[in-house]
Amino acid sequence: MRKKIVAGNWKMNLNLQEGVALSKQLNEALTADRPHCDVIICTPFIHLATIAGTIDKKLMGLGAENCADKESGAYTGEVSAAMVKSTGAEYVILGHSERRQYYGETPEILKEKVLLALKNGLKVIFCIGESLEEREANRQNEVVKKQLEGSVFNLSAAEFKQITVAYEPIWAIGTGKTATAEQAEEIHAFIRAAIAEHYGKDTADETSILYGGSCKPSNAPELFAKPDIDGGLIGGAALKCADFKGIIDAWKK
Ligand code: PEP
C-alpha cells in the first residue's frame, strides 16, 4: 500500500523562534492524537538543524524546500543536498512552481538537483503542475508529463521509489482557488498512468501523489477521498497548527 502523506511547505515564512514554536506545537498535537498518515514539515534551511532536535522523528518527518544543483564548492549562498542531510532532514521539495517561475529552475537544473538529493540520501517531493493559461488550453496532461520526463523519468525504478509526486496547479497555489476533487482526481490518475507506462504498474501503485493548491481542513476530506490522491502538499494552511492538524485529520474521516 502506498503512503498517505500530509506535507507542509512553509516557504519564506516564520523566523527561527516562530518556526521552532510551531514545530513544537505540532509535535505536541500529534503526540496527543496520533496521525493516520505520514506527516512532513518542510522549512527554510536555517530552521532545519534546530527543528530536527525538537521533533519526534517517528511522528513527523523534516525536509528542506530546495537544494543546490551542485555538489559543493564556490557557489556563494547555495545549500547542498549533503548539507541538508547533515541537519537531520530526510526530505527535500524540488520543482516547486515558485522556484521554476522566480528562480529560473529548468527541467535540466531540476534533474541535477534530484540526482544530488537522492545521492545524498534525501527523499524528494517533486512538484509538477500547469499554469492557468495551460489549463484553459486543456494542455495540463501534456505539461505534467513533460515535467516528469524532463527531470525524473531518467531515474531507475529503484531510484524513483524515493520520489513523491506533488501535483500543484499553479492557478490554485495561494489563490484560495482549489481544483475540484474531480479535476484533481482526473489528472492524478493521468500522472499515475504515465508512471505506469514508464516504470510499470507496481511502481505506479506504490508512488504517492499529493495534491497541492489552497488545500484546507474544509476541502481536504473530499480531495483525499479520491482513489489517486494520496494526501497533500500544504502551503498557507501549514503555518497554523490547528489548520495543518485539521488537514492531517482528514485521513481519519
Ligand atoms: C504550495 O505552495 O505548495 C501550496 C500548496 O500553497 P497553498 O497551500 O498556500 O496554496
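Me: What makes the contact between the side chains of Glu-98 and Lys-11 a salt bridge?

Reply: The N to O distance is 2.8 Å, and a salt bridge needs a side-chain nitrogen of Lys or Arg within 4 Å of a carboxyl oxygen of Asp or Glu, so the pair qualifies. Glu-98 sits in helix α4 (residues 97-102) and Lys-11 in the loop between β1 (5-9) and α1 (16-32), 87 residues apart. Helices (H or I, at least four residues) and strands (E, at least two) are DSSP runs, numbered from the N terminus. Bear in mind that this is a predicted model, where local features need pLDDT of at least 70, side-chain atom pairs count only at pLDDT 80 or more, and totals for chains, interfaces and linings use all residues. Residues are numbered from 1 along each chain as its sequence is written, and side-chain values use heavy atoms, with hydrogens and water left out.

Me: Why is Glu-105 called buried?

Reply: Its relative accessible area is 6%. Buried means under 20%, exposed over 50% and partly exposed in between (1.4 Å probe, protein chains only), so Glu-105 is buried. Its salt-bridge partner is Arg-99, with the closest N and O atoms 3.0 Å apart; Arg-99, at 22%, is partly exposed.

Me: How do you know that Asp-249 counts as buried?

Reply: Asp-249 has 19% relative accessibility, so it counts as buried. Lys-245, which meets Asp-249 in a salt bridge at 3.0 Å, is buried too, at 12%.
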